[in-house]
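Please read the points alongside the coordinates.

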Amino acid sequence: MTGRVGPWPIAVVTGMLGSGKTTMIGRLLQHSAMGDTLVLVNEFGAVGLDHDLLKAVTDNVVLLPNGCLCCTIRDDIVQCLREIRRGWLAGTIPDFGRVLIETTGLAEPAPLIAALTSHPLLMDSFALQSIVTVVDGEFASQQIDHQATCRNQVVLADRLMVSKTDLIHGSTFASLARRLGRLNALASIGISHDAHPDDLFERAVAPFRHRPLLCDTPDDHLAAITTVLLKPHRPLAWTPFKIWLARLIETEAPHLLRLKGRLAFDGAATRVILQAVHHTFYPVIEDPTGVAQDAQDFLVLIFSGPSPLGFNQSCGKEGFTLFP
């Protein structure tokens, strides 16, 4: 098989058990733009019900072995994607244009994201576009309070899609949206019933376009999640920034849930997008959004527990100058 240009885009859909991931995906697969989508389903349990439900919509569904994508199945997804590529090259797998991965509701997203974005055998053939978390509109408040996995799924998402909105009052949705915004200031928030293929496969390198960033103190976070927003006043020097960032990731990796930002550096013609999850720092890419020269740069760091940086309590409107 020849003629393909560029890597296959990948979208990951996660969310707690029963949140409505399969329902949303099944609806999306009926969209004409999703006709060339290969779907990988990971379920926890001996019987793959979600796999069968999606099979009713499309034949391009692969059921991963029983388990959890955040542990042993992480190796299986790497192997599965490698086998898919081999089969496509050999002509035994029909042509496809994109990959959608539905995780089990028990999956921690960070290890899967790391595998998809940094595994040397995948980086050239597959490109992660977005992490979409389906949030159970009926039970999310309790899940966020009591389940760390739910909080991590929210914090690491590029887009949050609230399900079961027909079962809750408008005021409940508004309250939930405010709480989700405090946990993840970068993600856009939508309704799962209205999800569109672009919500999954439009590259999510700059979700700050959708809504303003928040700058919160630990008291604003009910789930022991601290968000620190840094706003450099001018382009930074790359070398001291790189040293600072390497030290931060080395010392705080277990607590650094996510780092994401758009920054300008001395001598660089364009701004760059930076992303990290725990100890994994993703390749730096040029900002493709073409923002105005006077647009505010930012760096958002999301920690489990209090910020180790020491100045989150005084986080103000003007932000901070990281380096002279």
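1. Conventions. A salt bridge is a side-chain nitrogen of Lys or Arg within 4 Å of a carboxyl oxygen of Asp or Glu. The model is predicted, with local features needing pLDDT of at least 70 and side-chain atom pairs counted only at pLDDT 80 or more, while totals for chains, interfaces and linings use all residues. Residues are numbered from 1 along each chain as its sequence is written, and side-chain values use heavy atoms, with hydrogens and water left out. Helices (H or I, at least four residues) and strands (E, at least two) are DSSP runs, numbered from the N terminus. Buried stands for under 20% relative accessible area, exposed for over 50%, and partly exposed for what lies in between (1.4 Å probe, protein chains only).

2. Aspartate 145 and arginine 179. The side chains of these two residues meet in a salt bridge, 2.6 Å from N to O. Aspartate 145 belongs to helix 5 (residues 140-146) and arginine 179 to helix 7 (residues 170-183), so the pair ties together parts that are 34 residues apart in sequence. Aspartate 145 is partly exposed, at 44% relative accessible area, whereas arginine 179 is buried, at 9%. A further group, made of Arg262, Arg271 and Asp297, is joined into one network by salt bridges that share partners.

3. Other salt bridges. How many salt bridges does the structure hold? The total is six salt bridges. One of them joins arginine 98 to aspartate 36, with the closest N and O atoms 3.5 Å apart. Arginine 98 is in strand 4 (residues 98-102) and aspartate 36 in the loop between helix 1 (21-28) and strand 2 (37-41), so this pair ties together parts that are 62 residues apart in sequence. Arginine 98 is buried, at 18% relative accessibility, and aspartate 36 is partly exposed, at 31%. Glutamate 83 and arginine 86 form a salt bridge at 2.7 Å, N to O. These two residues are three apart in helix 3 (residues 72-90), which means that about one helical turn separates them. Glutamate 83 is partly exposed, at 40%, and so is arginine 86, at 37%.

4. Charge over a ring. Arginine 98 has a second contact to check: its charged end sits over the ring of phenylalanine 201, 4.7 Å from the ring centre. The rule asks for NZ of Lys or CZ of Arg within 6 Å of the ring centre and within 35 degrees of the ring normal.

5. Aromatic pairs. Rings of Phe, Tyr and Trp (its six-membered ring) pair if their centres lie within 6.5 Å; planes under 30 degrees apart count as stacked, over 60 as edge-to-face and the rest as tilted. By this rule there are seven aromatic pairs. Phenylalanine 241 and tryptophan 244 have ring centres 5.8 Å apart and planes at 40°, so the pair is tilted. Both residues lie in helix 9 (residues 238-252), three residues apart, and are separated by about one helical turn. Phenylalanine 241 is buried, with a relative accessible area of 0%. Elsewhere, ring pairs link Trp8, Trp88, Phe96 and Phe126 into a cluster.

6. Helices 6 and 7. Seven of the eight residues of helix 6 (residues 148-155) are buried, among them Cys150, Arg151 and Val154. Helix 7 has 14 residues and spans 20 Å from its first C-alpha to its last, close to the 20 Å expected at 1.5 Å a residue; the expected span is 1.5 Å times one less than the number of residues. Its buried residues include Leu176, Leu180 and Leu183.

7. Lysine 164. This residue has a positive phi of about 60° although it is not a glycine. Most residues other than glycine have a negative phi. Lysine 164 sits in the loop between strand 6 (159-163) and helix 7 and is partly exposed, at 24%.

8. Glutamate 202. Glutamate 202 is in the loop between helix 8 (197-201) and strand 8 (225-230). Its C-alpha is 6.7 Å from that of glutamine 129, although the two are 73 residues apart in sequence. Glutamate 202 is partly exposed, at 35% relative accessible area.
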